[in-house]
Amino acid sequence: MKAQVIEKFGKATEFKVVDLPIPKVIPNHVLIRVLATSVNPVDYKIRGGIIPDIAPNFPAVLHGDVAGVIEKVGEGVNSFQPGDEVYGCAGGIKGMGGALAEYILADAALIARKPKSLSMRETAALPLVSITAWSGLIERAKIRSGQTVLIYGGTGGVGHIAVQLAKSCGAKVYTTVSNLEKAAIVHQLGADEVINYRQQSVESFVNQHTNGKGFDIVFDTVGNDNLQNAFQAAALNGIVVSIVSLSTQDLTLLHAKGLSLHLVFMLIPMLHNIDRNHHGKILTQLAQLVERGQIRPLLDPKSFSFSEVAAAHDYAQSGQAIGKVTIEL
């Protein structure tokens with residue numbers, strides 16, 4: 001099979017097309033013919049050597065997100081059969097081959113049937129970001145109808161799913177953006193109030209929207225030093241969820257306001273082989289929300305082909321994209 005691989009860490013120019021053996025099907029796994037994948041920050045961080053501890057062995061096939069068709073099923077797999085259209089975040093990290101190839105061997109626990117109403121390209125944009133948003137809002141924050149929720153980065157990969165997911169749960173949704181174009185997009189996604197963080201301080205928008213009380217839940221998809229803004233925006237005894245916290249932070253506000261801080265790292269089940277079927281269950285429930293029209297992926301207008309993987313990485317890493325960057329095989 002053809003695969004895009006890297007043989008060392010570095011810039012996107014390290015990608016090269018090689019021939020690799022098609023993975024052999026093993027028990028409890030399925031062989032998927034890859035039709036689309038998407039770029040997540042973890043993909044270009046692995047490629048760049050920023051997080052080498054979770055990188056696959058060289059020559060490395062990257063990318064977790066996949067949408068495709070099952071070719072073969074291994075012993076013990078009863079829930080899928082050849083011909084099924086599926087999606088999931090199923091590899092591209094240590095010990096697991098990725099989706100930048102014509103075929104990927106996937107643990108059947110990590111995948112689900114794709115939403116029928118979406119294309120393969122649209123479906124490939126969903127797995128990692130949706131599992132992250134679901135874990136943060138539904139499982140960690142235990143979001144309830146009527147709560148106020150502030151989501152940082154409403155047009156980002158995780159952020160745009162979080163806006164829709166929070167809305168589907170009956171919350172009043174506030175989100176931050178950097179310009180009018182992004183404001184219009186998040187309004188269409190269902191945000192009740194949109195905050196331009198470049199024009200308003202945290203204190204200003206907390207006063208405007210909550211009479212100074214703060215938000216019940218703050219979902220911080222920016223992370224690191226933005227955590228201080230999240231702490232400031234949260235209500236007393238509120239909940240802060242972050243997906244990026246590789247930094248040293250002052251926890252004074254966390255203590256003074258009695259906040260709960262939850263950190264989500266969705267790759268844990270994949271890296272440590274624990275509770276993987278939970279990801280498949282989330283994706284099954286997510287597909288139902290998609291079919292009901294409550295969740296839809298936000299895709300950047302630019303789409304890339306298998307031969308344009310390097311360009312896709314550069315574009316995603318540039319910060320110019322609005323929505324997910326996708327690759328079709």
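The structure is a predicted model, in which local features need pLDDT of at least 70 and side-chain atom pairs count only at pLDDT 80 or more, while totals for chains, interfaces and linings use all residues. Residues are numbered from 1 along each chain as its sequence is written, and side-chain values use heavy atoms, with hydrogens and water left out.

**Overall build**

- The protein chain has eleven helices and 15 strands, these being DSSP runs numbered from the N terminus (H or I of at least four residues for helices, E of at least two for strands).
- The radius of gyration of the protein chain is 20 Å, close to the 20 Å that the globule rule gives for 329 residues, so the chain is as compact as a globular protein of that length; the radius is taken over C-alpha atoms, and the rule is 2.2 Å times the number of residues to the power 0.38.
- Taken along the principal axes, the box filled by the C-alpha atoms of the protein chain is roughly 60 × 40 × 35 Å.
- Of the 329 residues, 55% count as buried, where buried means under 20% relative accessible area, exposed means over 50%, and partly exposed lies in between (1.4 Å probe, protein chains only).
- Among contacts between residues at least 6 apart in sequence, 65% join residues at least 24 apart, a contact meaning heavy atoms within 4.5 Å.

**Helix H6 and the residue after it**

- In helix H6 (residues 202-210), the buried residues are Val202, Phe205, Val206, His209 and Thr210.
- Seen down the axis of H6, these buried residues fall within an arc of 105°, so they line one face of the helix; the arc is that of the directions from the helix axis to the C-beta atoms.
- Glu203 and Gln208 are exposed on the other side of H6.
- The cover over the buried residues of H6 includes strand S8 (148-152), strand S9 (172-177), strand S10 (193-196), strand S11 (215-220) and helix H7 (227-233).
- Asn211 follows H6 and lies in the loop between H6 and S11; its phi is near 55°, a positive value in a residue other than glycine, and at 69% relative accessibility Asn211 counts as exposed.

**Other loop residues**

- Asn273, in the loop between helix H9 (268-272) and helix H10 (277-291), has a positive phi of about 50° although it is not a glycine, and is exposed with a relative accessible area of 52%.
- A cis peptide bond with omega of about -5° joins Phe58 and Pro59, and Pro59 is found in the loop between helix H1 (41-47) and S4.
- Asn78 lies in the loop between strand S4 (65-73) and strand S5 (85-89) and is exposed, with a relative accessible area of 75%; its C-alpha atom is separated by 9.4 Å from that of Ala108, 30 residues apart along the chain.

**Two buried threonines**

- Thr123, placed in helix H2 (residues 120-124), is buried with a relative accessible area of 0%, and, leaving aside neighbours within four places in sequence, Thr123 is in contact with Ala67, Tyr87, Lys114, Pro115 and Leu118.
- Thr148, found in strand S8, is buried with a relative accessible area of 18%, and, not counting residues up to four places away in sequence, Thr148 touches Lys172, Tyr174, Gly214, Phe215, Asp216 and Ile217.
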